Each structure stands twice: as structure tokens, then as C-alpha cells.
Amino acid sequence: MRGEIAVVGIGEVDLFESKGRSPAGLMAEASRLAVADAGLKMTDIDGLFTASSVYYTPSLTFAEYAGLNPRYSDSTVVGGASFEAHVGHAAAAIRAGLCDYALITYGSTQRSDRGKLVSQAEWLPYEQPYAMIHPISPMGLIAHRHMHQFGTTSEQLAHVAVSARSWALRNPQAPYRTPLTVDEVLSSPVISSPLHKLDCCLVTDGGAAVVLCSADRARDLPKPPVYVLGFGEAANHRNISAMPDLTTTRATESARRAYQMAGLRPTDIDVANVYDAFTISLLILLEDLGFVPKGEGGPFVESGAIAPGGSVALNPNGGGLSYSHPGMLGLFLLTEAVRQLRGEAGERQVGGATTALAHGMGLTLGAHATVILGTEDTR
Amino acid sequence: MSTARPIPTLRGEERAYFDRARARELVYQRCRACGAGQWYPRVVCQTCQSVDLELIAASGRGVIHSFTTLYRAGHPSRTADVPYTVVLVDLVEGVRVFGELVDADPADIRIGLPVVVDFQDLGELTVPVFRPSNGEKNAR
């Protein structure tokens with residue numbers, strides 16, 4: 001599969017607050033932009049991949065809304081990792097001849113919906129009666145365990161949020177335009193210990209879409225193709241009480257599969273786009289993806305390693321912590337990876353980037369999908 | 001204003017767990033075929049797929065594997081309860097269970113703290129909770 005499939009179009013819309021668009025409307029606008037970016041027409045799209053937390057049958061809902069007639073559709077929902085999973089599923093479908101041009105799309109009005117019932121989350125009956133805050137309380141359980149095992153501190157976690165904001169200041173579309181300090185993170189209210197409000201991602205609206213096709217078809221399209229070099233999936237739990245190990249996830253497995261297919265190692269990755277719903281989940285994923293040994297994430301982020309100028313160019317757009325997090329972040333990791341590999345990232349451009357990783361995480365570090373992308377030179 | 005705690009819709013094997021909790025028992029499963037323990041109860045063994053599973057009352061004793069204290073309620077029914085703490089507990093029987101820690105000052109809560117089960121009636125549902133075991137003082 002390595003190098004046989006390419007991302008040829010991307011689109012994003014209303015990344016902080018929806019301008020009067022429904023979730024399906026955000027998907028439609030982002031899709032229109034992505035298809036135009038690819039130099040295609042909506043009628044070319046014959047494969048549809050989407051996930052949602054508001055639509056029960058999202059690919060059906062969106063096909064109807066946008067007037068699509070896909071011959072292949074996939075509504076795989078594994079939380080925020082869904083869209084990285086869709087890349088692998090779309091690549092397989094294209095290779096099998098089941099579709100030619102695959103559209104992956106997502107839209108959410110989570111910010112505008114605030115305070116209203118927006119989630120279809122099914123609760124485990126053995127957890128629901130205690131009324132924890134999902135997903136913050138499970139992340140609190142995970143954070144305390146990481147602190148216990150490895151000596152990680154709240155100050156170190158705060159550096160994750162501070163680094164994300166430093167990157168976001170280079171992104172004119174990011175919503176907050178002032179630097180963040182460790183003290184500000186630590187003095188924000190504790191929501192579910194040890195996690196503060198500013199250990200948590202933004203709550204935004206937003207829509208995104210990407211278009212994929214075979215490398216052969218990609219050659220005829222206007223933008224430089226960004227090739228899928230590696231892909232891997234893994235999952236370990238749905239509910240926090242069933243998480244086998246609170247501090248090591250099966251991102252280790254999804255990443256191993258992706259690196260192996262790509263023939264690359266973590267040190268070969270020029271831009272890392274890693275799901276940062278919480279400071280602690282990002283820290284654990286940095287370890288599990290091989291950017292730092294297990295247990296050493298705290299000192300690593302404290303040293304400035306993930307801030308601009310550090311050893312890992314991480315989430316240059318500001319990520320879920322400081323750019324946009326409309327319920328599920330996965331697709332926005334892919335759009336940024338593609339922008340970086342096309343050299344379209346403006347002030348935050350990572351110079352000469354030829355390889356990028358996008359790692360999606362679902363729910364409470366329960367589902368994982370890793371995608372490695374590369375330019376023509378890396379194919 | 002009092003709001004009811006969130007009560008799950010119980011389906012199939014889920015009901016037996018809460019029936020036993022109503023009878024003041026915290027139950028887990030042991031597989032008669034391979035001996036593996038599991039919580040929560042399922043209709044097949046996660047380890048060997050056997051359906052020959054036994055629902056066993058646990059001692060209710062264990063240690064805190066991890067905890068988080070909520071300073072914002074996770075449901076309107078719990079607004080007056082903050083701060084409250086949910087825990088993962090490693091039972092001496094070798095299974096990990098989820099619950100709430102009661103009768104503990106947040107400042108005293110730590111991983112490894114010995115706890116013992118108790119039960120709370122939430123209207124139609126009884127749920128297991130844990131309290132610090134403090135030697136024999138709170139032993140049941």
C-alpha cells in the first residue's frame with residue numbers, strides 16, 4: 001500500500017464558531033472546498049467516509065444532505081481516531097477498486113451547542129451512576145497513575161498547553177492571540193484532579209474534509225500529491241474501567257504498524273500531528289509513538305522539546321489545545337499534515353518537511369490510528 | 001431542587017450485577033474453564049471464550065489503583081456533592097473495578113490506599129462504593 005494512495009485535496013471551515021451552519025452544513029462546505037482544492041467535482045466522489053457524534057448514520061445522512069451517490073461508504077466511529085482509520089479504509093477500498101475518489105469529512109457545532117445535549121455516548125452501566133465527567137475524569141485517573149509511576153508533575157503537563165499556544169501564535173486562524181504561562185494553566189480551576197481547565201482542549205465548532213485517490217489519478221490533479229506511506233490501527237478499550245494499562249496504550253501497536261509500512265522511524269518524522277485532547281493524553285502518546293521513552297515525557301516537554309524550535313515539530317497549527325477541537329480532532333491533524341507537506345503553512349511552516357505523522361486517538365486513549373504521509377521525494 | 005442520579009437502562013446480564021449489589025454483594029466473574037477473573041460480568045470469558053462463568057461475591061477489599069476528584073459535577077444531580085472522587089480499585093481477587101470513594105478527605109487520597117466496599121442506594125439502583133479501610137475499624 002505504501003505510496004499507492006495520495007491525499008489530493010483538503011478543506012476546513014468555521015474552526016471556532018459556526019457561521020450559521022449545521023454539522024452537516026459544515027461537512028458540506030468543507031467537502032466543497034476540499035473537492036475544489038483537488039481540482040475535482042462533487043460528482044467525481046464515489047467513496048464516502050465519515051463519523052459523527054450527532055448523526056447515528058453519518059455517511060447516509062451526509063450523502064443525502066450533499067446529494068452524493070457513493071458506491072462505497074464507511075461510517076466507522078472510533079471517536080476522534082475515526083478519520084485516521086478512514087484513511088486506511090479508504091486506501092484499501094481504492095486499491096480494491098471499490099471507489100476511485102474517496103472523501104473523508106466531519107463537522108460539529110459543539111461550541112454553539114454548549115449546554116445542550118449533543119452526545120450520543122452510550123454509558124457503561126457500571127460507570128454511569130457515579131456521574132463522572134466524560135472524558136475528563138478518565139483522563140484524571142490516567143494522569144494520577146502516570147504521576148504515581150513516573151513522577152510526572154502538573155507543571156510538566158502545563159508545558160504541553162504552553163507549547164501548543166506558542167505554536168498557535170504563528171497561526172493567524174488560531175483563536176487566542178496571547179502567550180500562555182505555566183502559572184496560568186496551574187491557576188485555572190481544577191475540573192477533575194489533577195487536570196485543570198487549561199489541561200483540556202478547546203471546545204469549538206468546525207468542519208474539515210480530505211480527498212484521496214490512487215497515485216496514478218493524483219498525477220493529473222493540480223496540487224502536489226501527499227502520499228500515504230504508512231498506516232496502522234489498534235484499540236484497547238471503550239470504558240476506562242476496562243483500560244488494560246492506564247499509562248501505556250496500544251498506540252504503540254498502531255504506530256509500529258505504520259512505521260513498518262512506511263519504512264521510517266520516529267526520528268525520520270519532520271512534522272508530528274498528535275491528538276491533544278488533554279495535556280496528559282498528548283504526553284502519553286508522545287511516549288507511545290516513540291518520540292520519547294516511556295515515563296520520560298514529563299521532563300521532555302518541560303525542556304521545550306515540543307515548543308517551536310524544539311526537537312519535535314508538534315502540532316504546528318496549535319492543535320486541539322490552542323487551534324480547534326470540534327468534538328473530534330482527527331481530521332484536523334490530517335489537514336495540517338498535508339498543508340505542511342505542501343509548504344502551505346505560512347509562518348508556522350516547518351522548513352523542508354517531507355514526512356508527517358498524524359495520530360488519532362479515540363475516547364479515553366481507547367482507539368488508535370496512525371497515518372504517515374510523505375511528499376513525492378519520500379515515495 | 002433534587003435531580004435523580006443517572007440510572008442506566010439494564011439489559012440482560014447487566015441486571016444480575018445490580019441485583020447482587022442490592023443484596024450488598026460486589027460481584028465479579030471467574031471462568032470455570034480457564035480460571036480467569038473478569039469485571040464487569042459478560043456472557044463469554046474474555047480470555048478463552050468459554051460461557052461457563054461463575055458470578056462470585058468479592059471480599060470487597062482492595063487498594064486504589066488510581067483516582068480523580070471532581071470539582072465540577074458530572075451530572076446536575078451531583079452539584080451539591082462536589083468535590084467527590086471516583087476510583088479504580090484493584091481487588092484482592094485480582095480484578096479491577098470502578099466506583100466512588102466516600103468518607104475520605106481529598107487531601108488523604110492516594111494510590112495504594114486500602115479500601116473496602118460499601119453500598120449506596122440510589123432509589124431503584126444500589127451501587128457499590130468504597131471507603132478507606134483504616135485497619136479493622138470499617139471492616140464489614
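How many Å separate the centres of domain 1 of chain A and domain 2 of chain A? The points below take this up, then turn to chain B.

1. **Ground rules.** This is a predicted model, in which local features need pLDDT of at least 70, side-chain atom pairs count only at pLDDT 80 or more, and totals for chains, interfaces and linings use all residues. Residues are numbered from 1 along each chain as its sequence is written, while chains are lettered from A and ligands numbered from 1 in the order in which they are written.

2. **Two domains in chain A.** Domain 1 of chain A covers 5–113 + 204–225, and domain 2 covers 132–201 + 230–378. These bounds come from an automatic or database domain assignment. The domain centres, taken over C-alpha atoms, are 23 Å apart. Domain 1 puts 30 residues into the contact and domain 2 puts in 36. Two residues are in contact if their C-beta atoms, placed from the backbone, lie within 7 Å.

3. **The domain 1 side.** In chain A, β1 (5–13), α3 (82–95), β4 (102–108) and β7 (206–214) each give two or more residues to the side of domain 1 that touches domain 2. Helices (H or I, at least four residues) and strands (E, at least two) are DSSP runs, numbered from the N terminus. The most comes from α3(A), with 7 residues. By class, this side of domain 1 has 17 nonpolar, 9 polar and 4 charged residues. Here Ala, Val, Leu, Ile, Met, Phe, Trp, Tyr, Cys and Pro are nonpolar; Asp, Glu, Lys and Arg are charged; the others, Gly among them, are polar.

4. **A helix pair in chain A.** Helix α4 (residues 136–150) and helix α9 (residues 279–288) of chain A have axes that come within 9 Å and cross at roughly 55°. Axes are lines fitted to C-alpha atoms, for helices over the stretch in contact, and angles run from 0 to 180 degrees between N-to-C directions. From α4(A), the contact uses A:Met139, A:Ile142, A:Ala143 and A:His146; from α9(A), A:Ile280, A:Ser281 and A:Ile284. These residues divide into 5 nonpolar, 2 polar and no charged.

5. **Chain B meets chain A.** Chain B gives 31 residues to the contact and chain A gives 23. At least two residues each come from α1 (14–22), β4 (61–70), β5 (84–91), β6 (96–101) and β8 (125–132) of chain B. The chain B side holds 18 nonpolar, 7 polar and 6 charged residues.

6. **Chain B itself.** Chain B has 1 helix and 8 strands. Its C-alpha atoms fill a box of roughly 45 × 35 × 25 Å, taken along the principal axes.
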